[in-house]
Amino acid sequence: MNEIPKRTFAQKYHLKTIFWTLLFLLLLAGSSVMTGVNWGEFFTNLNQFFVLLEQMSHPAWDYFDIIWQPLLETIQMALIGTTLGTLFAIPFAIVAARNIVKNPFVRGIIRFILNLVRTLPDLLLAALFVAIVGIGPTAGVWTLAVFSFGMVSKLFYEAIETIDEGPLEALRATGANQVQIIIFAVIPQVLNHFISYFLYTFEINVRASTILGYLGAGGIGVYLQRSLSAFKYEQTGVIVIVIFAAVIIIDAFSNYLREKLV
Amino acid sequence: MINKKNIWARYQWLVWAVVIIAIYLWAFLGLDFAGIQESARKVTSSIFYGLFHPDLAYVYNGSGEDLLSLIVQTLAIAFLGTFVSAILSVPFAFWAARTESNKHFHPRSTSGKFVLVFIRTFPEIVLAIMFIKAVGPGSFAGVLAVSIHSIGMLGKLFSEAIENMDRGADEALKAAGGRKADVWLLATFPTILPEFINYTLYRFEIAVRSASILGMVGAGGIGTPLLFAIQTRSWSRVGIILLGIIIMVTLIDWLSGSLRKRLV
């Protein structure tokens, strides 16, 4: 006869589940204390939030005449920033790819640097670059360049690692050197992926670039900050709606191009 | 006719090249690159100096305003915000998920997706400022901003998980005579739970990054002292905070990554 499998003590009393649940509840309680959560206050003051939302939902449309220029500047910043970041990312991605550079030590160092760059959030970079180059769109371009560099380089080296090894071996067998292999075997295989990832990063950067101006890094964010600090929420409303429209149009355009590519 | 096609095929690249060059020219000429501060080089080297000579006294001094307590606070904002957002996202996900037909336009699903895109695009710092108006400056406003903003992305990921889930268990329960609540509780929910947790952890990684900058508008966490240190040009303070953020994000990414690997 079959026996019922014996359960260990831990299994019998669901110790693991209880442990994780308790830990989770403890973390939740700790976080609530740390952040001073006060739901009572939240619900009594929630109408404040809706008052602002209501003011935003009556946009002052004539403000559009002022902000379309900075909106275009935002898109220009995103485009140049993404391009710079991508150009810098390509050599790093090639060195970080497992099937190109066999030396794990070199790869490790490059990946470590890339990981470090990726940890920095966009607004933090913006604050640093505003301090370095001064207030204006140049700081935004540098911010987006560094921000997209971290993201693109990872996407790129992962794309390179999935390529077909055949052409590489064929070129190696005919006596090609490393540079020739990269140009004639690696790049043609990943070019479409690269362009697709470039467009994807561009989409993300357009979203990111709209708030960089909040810290003085150019673009429409400057006006966002101005309207918020002047309590002119009907202007903030226009900006949010305009950003929304621009993001949707650019996403649709970029999606269309990416679908054509793949 | 054939000839015409050939001409288009042959010169297509030229059209693309002209368009791309025109776009880049527009972008380069439109931006005002002038006005890089003369001190740029000095500031850069000061930042690197600060990174290598961090203000170690700031790490912990027991005042509650030091690096460690603020990093814990940042993590608390991200954790609580993501938790609340994960719960709020579930109804949005079921709203936006397209389940039965493959029609291009599905009123419920399309409207849900549109709402999610709008939440996603609504700038997080604007949300933070709106919540600061409601509950006052501090990390609670940050928690609220993260909880609402994350719905945009979590709702989208959750709804995609629902669209792609395996409906076998659902059908089995329906066939065995289960009520709607039974089907949901015993089949749908257990099937999608691992994926929901996976996406929530992923979103938590992103929330940690955004919680560390929300302080720049006064919504708690490490962002406030960082912005203050940059503005007062105390570079060794900037250095230690940057190191703190880098270590925090790296650790969280690693932790969440290993948890997610065990989950899948």
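## Exercises on a predicted two-chain model

The C-alpha centres of domain 1 and domain 2 of chain B lie 41 Å apart. This is a predicted model, in which local features need pLDDT of at least 70 and side-chain atom pairs count only at pLDDT 80 or more, while totals for chains, interfaces and linings use all residues. Residues are numbered from 1 along each chain as its sequence is written, and chains are lettered from A and ligands numbered from 1 in the order in which they are written.

**Exercise 1.** Find the bounds of the two domains of chain B.

*Solution.* Start from the assignment, where bounds come from an automatic or database domain assignment. Domain 1 covers 1-32 and domain 2 covers 48-263.

**Exercise 2.** Describe the contact between chain A and chain B.

*Solution.* Count two residues as in contact if their C-beta atoms, placed from the backbone, lie within 7 Å. That gives 50 residues from chain B and 51 residues from chain A. On the chain B side, helix α5 (residues 124-135) gives the most, with eight residues; helices here are DSSP runs (H or I, at least four residues), and strands are runs of E of at least two, numbered from the N terminus. Now sort that side by class: 35 residues are nonpolar, twelve polar and three charged. Here Ala, Val, Leu, Ile, Met, Phe, Trp, Tyr, Cys and Pro are nonpolar, Asp, Glu, Lys and Arg are charged, and the others, Gly among them, are polar.

**Exercise 3.** Is B:Leu157 buried, partly exposed or exposed?

*Solution.* Locate B:Leu157 in helix α6 (residues 139-164) of chain B. Buried means 20 or more other C-beta atoms within 10 Å of its own, exposed means 12 or fewer, and partly exposed is in between, with C-beta atoms placed from the backbone. B:Leu157 has 19 C-beta neighbours inside 10 Å, so it counts as partly exposed. For chain B as a whole, buried residues make up 39% of the 264 residues.

**Exercise 4.** How many helices and strands does chain B have?

*Solution.* Reading the elements of chain B gives ten helices and zero strands.
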